[in-house]
Amino acid sequence: MKPELDQKLAALLLEAQEGNLDAYESFLKEISGLLRDFLSKRMQGAESIEDVLQESLLAVHRARHSYIPGRALGPWLYTISENRMIDFFRRHRKIQRIENALLQIPKPPLVKLENFRGERVLAAVQKLPPLQRKIIELLKLSDMSVKEVATLLKMTESAVKVTAFRGYSVIRKLFGNEQSEN
Amino acid sequence: MKTEKLIHQLVTETQPIKPLAPPLNRFFKWVVFAFVYFTVAVYFIGARPIPIETITHPAFLFQIILILSLVLTAAISVFFLTIPNKQSVWLFLAPIALLMVWTASIAIPLFSHGDIHAGAGLKCLRNILIVGMPPGVFLFYMLRRTVILNLRTVGFLFILTTTAVGCLGTRFICRNEDPLHFLIWHYMPVILSGSLGALTAHVVLLKDYLGPHIKAMQSNMERYRK
């Protein structure tokens, strides 16, 4: 970061620390451009970049009191963003591990659904994120217990319950939307 | 959610905020507190009578200076590492180097002394706790608004600082000068609790301490993404 830009951003942040909303808005807009460039050089996939950028902005917002006047702003800013990026990669690796484990699980036998509503439920399950879908399939179609699913996916029982609950809520919402559309 | 919308949300919820004091200022504040408490605690527990020959003995002086340097470098590292910045690797290496010198200075006499006995040391453990705990609590309090990016390192150095203060105190209290006693009852608690600090930093520093801070941030993210 050029020294002039660094000084300009530092001045905006100092004003923002005092509660100047306009200065804070300008600061966030300026740094979002800088951080987008910073992240796109290090990451692939536009969607992930935007996610990490938003997390970085939130982290900057939460840590804005930790900028010490008189110091260079660039290292402070990029350290926060880099940390968010590392955190993102860690989470991503964890999700990939779970997804790889899911791929090794044999597909549950398809349940013959005798009515149209059942097919719609199944279609709604297919629309869920992979982990929620797998857990609901294992619980409801393969008839496994929460404990068995937790062991299989190396998750805690409460995590399985929470994920399943989120899945059910999404399905309920999907049905709600359909009903309201009808 | 669009980034512009997020920026707008952040701007609308922002309030004036007091910036964190520079790390050196906070470090000196802590040193003053730790020094005053240290003096009072050692006085009340009962400082041993130290003969002038012992105080002026290079080995004793070396140990005191070494532990004191360890306390100060570990504490200063904690204050600097809890500010987001490009950190010098010396912030971590300096306390580790001192720790290694200290380890060597404790291990070498073990081989040169013929007859060594660990002796009883529960009182030393108690004294380490009494002398070290309040400066540790104050240090923990001073870290409440900081941004801890490297939890394990900070956790290790934080506990190292605290227990090293306690260990320094016991040098003025404990009458047992046996190197094995020093190794087991003065040095090992520092190392073991420091390691424990590194292992539990994710629980202590993140969940209980910074947890609400980070959880609030994550829930904000969820809210904004919807």
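This is a predicted model: local features need pLDDT of at least 70, side-chain atom pairs count only at pLDDT 80 or more; totals for chains, interfaces and linings use all residues.
Residues are numbered from 1 along each chain as its sequence is written, chains are lettered from A in the order in which they are written, and side-chain values use heavy atoms, with hydrogens and water left out.

Helix α5 of chain B covers residues 90-112 and helix α7 of chain B covers residues 151-173; they pack at about 40°, with axes 12 Å apart. Axes are lines fitted to C-alpha atoms, for helices over the stretch in contact, and angles run from 0 to 180 degrees between N-to-C directions. Helices are DSSP runs of H or I with at least four residues, numbered from the N terminus. The crossing of α5(B) and α7(B) is left-handed, that is, the near helix is turned anticlockwise from the far one by less than a right angle.

In contact (heavy atoms within 4.5 Å), L91(B), F92(B), P95(B), I96(B), L99(B) and W102(B) of α5(B) meet T153(B), F156(B), L157(B), L160(B) and C167(B) of α7(B). This contact has 10 nonpolar residues, 1 polar and no charged. Here Ala, Val, Leu, Ile, Met, Phe, Trp, Tyr, Cys and Pro count as nonpolar, Asp, Glu, Lys and Arg as charged, and the others, Gly among them, as polar.

In chain A, helix α6 (residues 130-141) packs with helix α7 (residues 146-153) at about 135°, their axes 10 Å apart. These helices of chain A are therefore also oblique to each other. Residues L131(A), I135(A), L138(A) and L139(A) in α6(A) meet V146(A), V149(A), L152(A) and L153(A) in α7(A). The residues of this contact are 8 nonpolar, with no polar and no charged.

The largest cavity holds about 30 Å³ of space. A cavity is a set of points, on a 1 Å grid over the protein atoms alone, where a 1.4 Å probe fits but cannot get out; lining residues have an atom within 4 Å of a point. Grid points are joined across faces, edges and corners, and a volume is the space filled by probe spheres set on the points. The lining of the largest cavity includes W76(A) and R71(A) from chain A, and I83(B), P84(B) and N85(B) from chain B. By class, this lining has 6 nonpolar, 2 polar and 1 charged residues.

Notes. Helices (H or I, at least four residues) and strands (E, at least two) are DSSP runs, numbered from the N terminus. Angles under 35 degrees count as roughly parallel, over 145 as roughly antiparallel, 65 to 115 as roughly perpendicular and the rest as oblique. On a 1 Å grid over the protein atoms alone, a cavity is a set of points where a 1.4 Å probe fits but cannot get out, and a pocket is an open set with protein on both sides within 12 Å along at least five of seven lines; lining residues have an atom within 4 Å of a point.
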